Amino acid sequence: MGQVVEYPAFGKDDKRPRVLLAGNGMCRCYNSRSWESLLASIKRNECKVDLTSEEFKNVPFPIGAIIATDDHVDEACGVIARDLMQESYYMAKGELALFREMLAVDFDAVITTNYSYEFEYAMDSKFLKKSNKYAAHTDGCARKEVCYPLYSFYRMPYNGQLKDIWHIHGEAKNKSSIVLGQYYYINSISKWRAYLKDAYTKYYKKEEDKIRPKSWLEYFIFGDVYIVGFGMDLSEIDLWWLLNRKKREELPHGKTVFIKDANEELDMMKRSMLEVMDVEIREFSCEDKDGKTDYQGLYRKIIEWLKDGAVSV
C-alpha cells in the first residue's frame, strides 16, 4: 500500500511552496536516448503513414508516437517501460551528479514528466529493487494509483531531508500509467479538471483559506514552479491547459518560471504563449571552448541560481 503522507496546510500569507518541474533535459547530459531514438525504437515496420527520420524531426513527439506506432501507443508504452526498467540503463550514468546537485536545492516537491528514475537513482543506486519501500501517497487515495497519478509519489531520504518525486506522466514500473499521445493527454486533463473543481469546494472553503495539498496539482497551482529541462512544446496540451488553469485561479497562487538555454531560440509562438500565461522566462548560457553549449555547466549555473533563492538575473 505504501506510506500515507499528510501534508501541512498553508495559507495565502504563508511562504509559497517551491516546486521543480523537470523534463528530460538533464538526462541528455548522461547520453540518455533522444526522443528521436525513442521513436525509432517503437516504430512499427508497417504504418499507414511512413515518415522518414528527417520528416519525424518536424513532428512533435506526442504526435510522432501516434504516427510511428500506427496508433498502437499501448504497445509502445510496454516497450518504453521495459527499456527503462533495466538497471544497466541507470548504472551507465554513474552517480548522476547533476541530479544529486538539483536535489540539494530546497524544493518542497519535485514533479517530473519522465517515466524513468534518475532522481530516485541519484538517491539510492538500488532503487528498482527497493521502490516499494519508498512508495507513498496522500490520503486522497487508499493505495498507489494505476494510471493518471494525482496522489502517488516516491518519498526518499536525502541529506537529512525527505524528497518527494511525482511522476505526473506515469512511470516505467507500471506501463499502464504512461501518458503518451493526445488521447491520454486529454484523459489526464479530464481527471485534473474534475479534481480541481471538486477540491475547491472540499478543501479551500472549509479551512479558513488554507490549502492542504492532497495531490501534486495543489503544488503546481499554488506553489512557485521552476521549469527546468522541459521545452514546453506546444503539443504538450495537458501542461498548457494546467498553466492556463493556474492563471485563472481566483485564490492567490504562485508564479511559474520557465528556464532555458539562451543559445536556443525560443520561437515567437511559444514565447507569446508563455507571456500570455504570465510565465516568467529566464535564460542562462554556458559555452565550451568551441562556442557550443556546455550542458552540464549550464545546469550547474541554473542550480546555483535556484540555491541562491532564484533572484533576478
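Me: What's the strand order in the open sheet?
Reply: This is a predicted model. Its open sheet has nine strands in the order E1-E4-E5-E6-E3-E2-E7-E8-E9. The pairing is mixed.

Me: Which strands stand at the edges?
Reply: Strand E1 (3-5) and strand E9 (279-284) do. Each has a single partner strand, so one side of each has no neighbour in the sheet.

Me: And what does the twist average?
Reply: From one strand to the next, the average is 30 degrees.

Me: In which sense do E2 and E3 pair?
Reply: Parallel, over four bridges. E2 covers residues 18-22 and E3 covers residues 109-112.

Me: What stands opposite leucine 20?
Reply: Valine 110, in E3.

Me: Which strands does helix H13 lie across?
Reply: H13 (residues 295-307) lies across E2, strand E7 (224-228), strand E8 (256-261) and E9. The helix runs at about 155 degrees to E8.

Me: Switching to pockets. How much space lies in the second largest pocket?
Reply: About 260 Å³.

Me: Which residues lie nearest its centre?
Reply: Tyr7, Pro8, Asp108, Arg155 and Tyr219. They belong to a lining of 16 residues.

Me: Which strand gives the most to that lining?
Reply: Strand E6 (residues 161-167), with four residues.

Me: How does the lining of the second largest pocket split by class?
Reply: Nine residues are nonpolar, six are charged and one is polar.

Conventions:
Residues numbered from 1 in each chain as written. Predicted model: local features only at pLDDT ≥ 70, side-chain atom pairs only at ≥ 80, totals over all residues. Heavy atoms only, no water. Pairing = 2+ DSSP bridges. Helix = DSSP H or I, 4+ residues; strand = E, 2+ residues; numbered from the N terminus. Axes fitted to C-alpha atoms, helices over the stretch in contact; angles between N-to-C directions. Contact = heavy atoms within 4.5 Å. 1 Å grid on protein atoms, 1.4 Å probe; cavity = no way out; pocket = protein on both sides within 12 Å on 5 of 7 lines; lining within 4 Å. Points joined across faces, edges and corners; volume = space filled by probe spheres on them. Nonpolar A, V, L, I, M, F, W, Y, C, P; charged D, E, K, R; others polar.
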